[in-house]
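Good morning, everyone, and thank you for making time for this.

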Amino acid sequence: DFLCISLVNGFMQLRYNLGDKTVILQGLQKVHANGNTWHLLKAGRAGNEGYLDLDGINVTQKASAGMNVLDTHTDFFVGGVSSLNLVNSMAIENEPIGFTGCIREIVINNRELKLTVTDAKGGANVGDCDGTVCGYSVCKNSGTCQVENSGFSCSCPPEWTGTTCEQSVHCSENMCGSQGLCIPQPSSFSYTCVCALGWSGKYCDSKIKFYIAKFVGNSYIKYTDSYYRKRDLQYSRISLNFTTNQTEGLIAWMGKSEDEDNDFLAIGIANGTLKVVVNLGERISVPLMHRKYFTCCDEIWHFVTVAQNQTCIKVYLDEELIIFEDIDPQRKYTALNYGGICYFGGFEIGRKVNVVTTGLFQKEFIGKIKDVVLFQDSKKLQLMNAEGYNVYDGNSGN
């Protein structure tokens, strides 16, 4: 398998092979080769349907029957390769040669690669393209960079301030304590404070403890499993109690959630009923939905357990087995390589649930969670000791 973007006879070309045939897309217009024109290229695929967009002019390849997963486990090369032997003969039209020019702002699956000496794994014969202290992204939020004798300065739009336009004017004099994050509210010319775990109050200055975690919609807990290396990942298990009055929400996500290839086990509410999705590798299982009765958004405590025995998934709701399914009888992938990371209620601030889960779940969780147990551990998770924000004490009234 491969995916390759190249410049061929003055045209941009995308080629990819998912294991059965090579798909070739070529741009409609020539690239300016004057050395001072920046071009914006967007290229990729959804399943086996490809697209190539140069400066807003789009070419797509309609999907046809065939494979739809890019199965590569190699390094990612930009501008050239360490050895021309690595290049598949079908990946480029002519003999492969390295790129001469400038490349900036590479974003892969919504994550930007840092093109620096320290962040790259390796490379050779690469220099600074801009030649000044004003790189393309020195000034944030559409600020304008000017070269000065002492370095650079940024001219910021009205809503932003700071040396690199990194701070909202609404948060420039915020009163959020050291345990809080300032979230600007431009529509009201104000801000709100989002508190770290164990803190509450308007300015996150009140220390709290909780055993029942209350999620309010822009909340999350990220728990790192210290026993991950000792786990038998072919037999995973998670159980917890939850209560909610919402019909949508992500309750728990076991997995790193860094890119689309990460394994995960997810529990949530969709259309008022329990939804479980498991991905053990190459293919995402059909979402396992419980349709027997709609009880999940009734503000009553419910006990849910999801047990993975290789590719067999069992889901228990209130001690009743409601789902029992083999998600891959071929047994191609049998381990849940979740990286020791568990999210509850949502993901880091700024990461929307519907985006991270590619639409599997629509919203962050609003409700309460307690008594979380991983695998067959004898102790419940101490969620207070994890990372997170905007989670409150749900003990009162229970």
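Predicted model: local features only at pLDDT ≥ 70, side-chain atom pairs only at ≥ 80, totals over all residues.

I will begin with Cys-156, which counts as partly exposed because its relative accessibility is 27%; here buried means under 20% relative accessible area, exposed means over 50%, and partly exposed is in between, with a 1.4 Å probe and protein chains only. Its partner is Cys-165, for a disulfide joins Cys-156 to Cys-165 with 2.1 Å from S to S, and Cys-165, at 0% relative accessibility, counts as buried. The link of Cys-156 and Cys-165 is left-handed, with -90 degrees about the S-S bond.

Residues are numbered from 1 along each chain as its sequence is written, and side-chain values use heavy atoms, with hydrogens and water left out.

For those new to the term, a disulfide is a covalent bond between the sulfur atoms of two cysteines, and the cut-off used here is a pair of cysteine sulfur atoms within 2.5 Å.

One is formed by Cys-139 and Cys-154, whose sulfur atoms are 2.0 Å apart. The torsion about their S-S bond is about -90 degrees, so this disulfide is left-handed. Because Cys-139 lies in the loop between β8 (111-112) and β9 (144-148), and Cys-154 in strand β10 (residues 151-155), the pair ties together parts that are 15 residues apart in sequence. Strands here are DSSP runs of E, at least two residues, numbered from the N terminus. Both Cys-139 and Cys-154 are buried.

The other is formed by Cys-176 and Cys-193, with sulfur atoms 2.0 Å apart. This pair links distant parts of the chain, since Cys-176 sits in the loop between β12 (167-168) and β13 (180-185), and Cys-193 in strand β14 (residues 190-195), 17 residues apart. Cys-176 and Cys-193 are both buried, and their disulfide is left-handed because the torsion about the S-S bond is about -90 degrees.

Cys-4 is buried, with a relative accessible area of 18%, and Cys-342 is buried with 0%.

Conventions: Helix = DSSP H or I, 4+ residues; strand = E, 2+ residues; numbered from the N terminus.
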